Amino acid sequence: MRKIVVTGSDEVSRAFSKSLSSLLGAELCEPTYKTFPDGEKYLRLDCNISGAEVIYVKTMIPAQDSSIVEAVLAADAIKASGAERLVMIAPYMAYARQDRQFLAGEPVSIRAVLKALWTSGFSALATVEVHKAESLRHFPGPSLNVRPYSFMADQIGLKGSDIVVISPDLGALERAKTLAEHLGVSYDYLEKSRDRLTGNITIKPKEVSVEGKHVVIVDDIISTGSTIASAVAMLSSQGARGFTILVAHAILAPGAEERLRSVGITKIYAANTTPSTSNIVTNIDVAPLVASELRSSGIISQP
Ligand code: R5P
């Protein structure tokens, strides 16, 4: 089936779309996007997509709500223009951390968002390292979570027998395990608890032997930077001799960069799923990994 990659409006989605279209041998369609004076969005497709398999690329970056609305509008336009099949690629999937009711009366936000995407007309979905891969079960069609850490480590030439891979909490241990097995080194996790009402984080020391080690910290997202900054501060005090920070998504909320620099972090490696807002972040292009997994998983049709 003829394949067409349709770009989302922002620069990250545009760049990702261009890489993917070239890697997949697909045509590229760049709709016209604009925002009305009252804030409502508008888009217009001026490509012939009739009968094609359309791969729509939109990273769900801030303002996340606006990104979601754009995807819903794009799905409507793409289906109305006669696409045979519509696949959503969200390099960053927003609302993924509210993946259950922590307090009575809350929504399961990721479920609501995935249902909205499905209802809009997307029949398959792929994303880069959603907060919890199991959340994708809320999307009724086929879905793919691309875990990028091993690919990223290879891209930056990370290796060495003195490495320990650490995840900031037990929930993220699988991330550390995947990378540690790839590198042939040991891994562990830190105990972390977050007060759901105040948002304050406590990290309790865990029995990790980081004395004289180079510590690779892996996490899905940096938002306020508190998790990574606390981990680095604690592990430094336990004798770690250096750090590499690998995250899928560097969102960097206001104050995050200062928080990270305050504990001596000068570089973060992040996938190219979110905008570069700081020179503390070095982006790694994971589009080749996504293209490869899209093909092997069957999320897109075979040529
Ligand atoms: C938490 O479960 C996540 O995996 C991240 O560790 C967390 O969301 C990072 O947020 P922040 O940078 O605000 O500490």
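Which elements make a right-handed β-α-β unit? They are β6, helix α3 (residues 109-120) and β7. Right-handed here means that, with the strands pointing away from the viewer, the path from the first strand over the helix to the second runs clockwise. Helices (H or I, at least four residues) and strands (E, at least two) are DSSP runs, numbered from the N terminus.

Before going on, a word on the model: it is predicted, local features need pLDDT of at least 70, side-chain atom pairs count only at pLDDT 80 or more, and totals for chains, interfaces and linings use all residues. Residues are numbered from 1 along each chain as its sequence is written, and side-chain values use heavy atoms, with hydrogens and water left out.

Let's stay with β7. Strand β6 (residues 85-90) pairs with β7 in the parallel sense, over four bridges; two strands pair if DSSP finds at least two bridges between them. Look for Ile89, whose bridge partner in β7 is Ala126. Strand β8 (residues 143-146) also pairs with β7 in the parallel sense, again over four bridges, and there Val128 has Val146 as its bridge partner.

So how enclosed is β7 (residues 124-128)? Five of its five residues are buried, so the strand is largely enclosed by the rest of the structure. Buried means under 20% relative accessible area, exposed means over 50%, and partly exposed lies in between (1.4 Å probe, protein chains only). In a regular strand the side chains alternate between the two faces of the sheet. In β7, Ala124, Ala126 and Val128 point one way, while Leu125 and Thr127 point the other way, and all are buried.

Now for the aromatic rings. The whole structure holds three aromatic pairs, where rings of Phe, Tyr and Trp (its six-membered ring) pair if their centres lie within 6.5 Å, and planes under 30 degrees apart count as stacked, over 60 as edge-to-face and the rest as tilted. One of them is Phe36 with Tyr42, an edge-to-face pair at 5.8 Å centre to centre with 70° between the planes. Phe36 is partly exposed at 35% relative accessible area, and Tyr42 is partly exposed at 29%. Another pair, Tyr56 with Phe122, is stacked, at 5.9 Å centre to centre and 25° between the planes. Tyr56 sits in strand β5 (residues 53-57) and Phe122 in the loop between α3 and β7, so this pair ties together parts that are 66 residues apart in sequence. Both Tyr56 and Phe122 are buried.

A few backbone spots deserve a look too. The peptide bond from Pro62 to Ala63 is cis, with omega near 0°, and Ala63 is in the loop between β5 and α2 (64-80). Tyr95 is not a glycine, yet has a positive phi of about 65°; it lies in the loop between β6 and α3 and is partly exposed, at 35% relative accessible area. Leu252, also a residue other than glycine, has a positive phi near 50°. Leu252 is in the loop between β14 and α7 (256-261) and counts as buried at 13% relative accessibility.

Strand β14 (residues 242-250) brings us to one last stop: with three residues, β14 gives the most to the lining of the second largest pocket. Among the lining residues are Val232, Phe243, Ile245 and Lys267.

Note on methods
1 Å grid on protein atoms, 1.4 Å probe; cavity = no way out; pocket = protein on both sides within 12 Å on 5 of 7 lines; lining within 4 Å.
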